[in-house]
Amino acid sequence: MAVRPITITGEPVLHEPAHDVTDFDETLRTLVADMLETMDAAPGVGLAGPQVGLPLRLFVYSYVDDDGVSWRGEAINPQLWQTPLSIEPLDDEEESEGCLSIPGERFPLRRAEGVILRAVDVNQEQFEIEARGWLARIFQHEYDHLDGILYADRLEHPFSKAATKAIRKNSWGAPGQSWVPGVDHPEG
């Protein structure tokens with residue numbers, strides 16, 4: 001296993017839809033193991049294929065919920081269904097999220113409270129998870145990466161303006177930028 005570089009916003013692979021995984025082999029098993037190690041080293045709660053420079057429809061996740069249940073694994077070629085968005089006012093504190101591809105920044109973003117994730121694992125075993133709260137948020141965030149969408153793309157004003165300013169201040173937004181967890185300190 002190895003920690004892989006994490007791409008930073010502006011890298012084209014982050015802004016284009018990813019392709020289905022077709023080869024379920026030792027290379028895929030190694031990739032998933034590397035992604036889990038990279039996510040843990042960052043530290044993060046999710047990491048998608050495009051974030052390690054690969055336009056593949058897969059992500060890994062690791063989260064312990066409020067009941068102490070540990071959720072850890074990979075979702076390959078996932079499908080995601082979500083509940084309607086709440087019309088309640090946005091809670092800047094409770095609904096704030098970050099992204100390893102926009103490291104060190106956090107902004108509030110409204111996400112669906114509940115989702116159903118259907119995918120396969122590295123053994124091509126199908127599974128389904130019904131998630132609520134932060135686990136649902138993680139799945140939505142990572143699934144967006146597979147469609148070439150970063151959470152900053154979904155932000156509303158004034159948070160979108162602040163995210164754009166932070167990206168510009170850190171000289172991100174152009175191809176060829178990445179950071180390596182445990183080696184680099186990308187927070188600008």
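Two strands count as paired if DSSP finds at least two bridges between them. In this predicted model, β2 and β3 (residues 58–64) are joined by 3 bridges and run antiparallel. Within this pair, L47 stands opposite V60 in β3.

The two strands belong to an open sheet of 5 strands, paired antiparallel in the order β2-β3-β4-β7-β8. β2 (46–48) and β8 (126–132) each have a single partner strand, so one side of each edge strand is left without a neighbour in the sheet. From one strand to the next, the twist averages 40 degrees.

Two helices lie across strands of this sheet. Helix α1 (residues 26–41) lies across β2, β3 and β4 (70–82), at about 40 degrees to β3. Helix α2 (residues 133–146) lies across β2, β3, β4, β7 (114–120) and β8, and runs at about 160 degrees to β3.

| Pocket | Volume | Lining by class |
|---|---|---|
| Largest | about 480 Å³ | 11 nonpolar, 7 polar and 7 charged residues |

The largest pocket has a volume of about 480 Å³. Among the 25 residues that line it, G44, G98, C99, L100 and R106 are the closest to its centre. At least two lining residues come from each of β5 (96–99), β6 (102–108) and α2. Helix α2 gives the largest share of this lining, with 5 residues.

Note on methods: Residues are numbered from 1 along each chain as its sequence is written. This is a predicted model: local features need pLDDT of at least 70, side-chain atom pairs count only at pLDDT 80 or more; totals for chains, interfaces and linings use all residues. Side-chain values use heavy atoms; hydrogens and water are left out. Helices (H or I, at least four residues) and strands (E, at least two) are DSSP runs, numbered from the N terminus. Axes are lines fitted to C-alpha atoms, for helices over the stretch in contact, and angles run from 0 to 180 degrees between N-to-C directions. Contact means heavy atoms within 4.5 Å. On a 1 Å grid over the protein atoms alone, a cavity is a set of points where a 1.4 Å probe fits but cannot get out, and a pocket is an open set with protein on both sides within 12 Å along at least five of seven lines; lining residues have an atom within 4 Å of a point. Grid points are joined across faces, edges and corners, and a volume is the space filled by probe spheres set on the points. Ala, Val, Leu, Ile, Met, Phe, Trp, Tyr, Cys and Pro count as nonpolar, Asp, Glu, Lys and Arg as charged, and the others, Gly among them, as polar.
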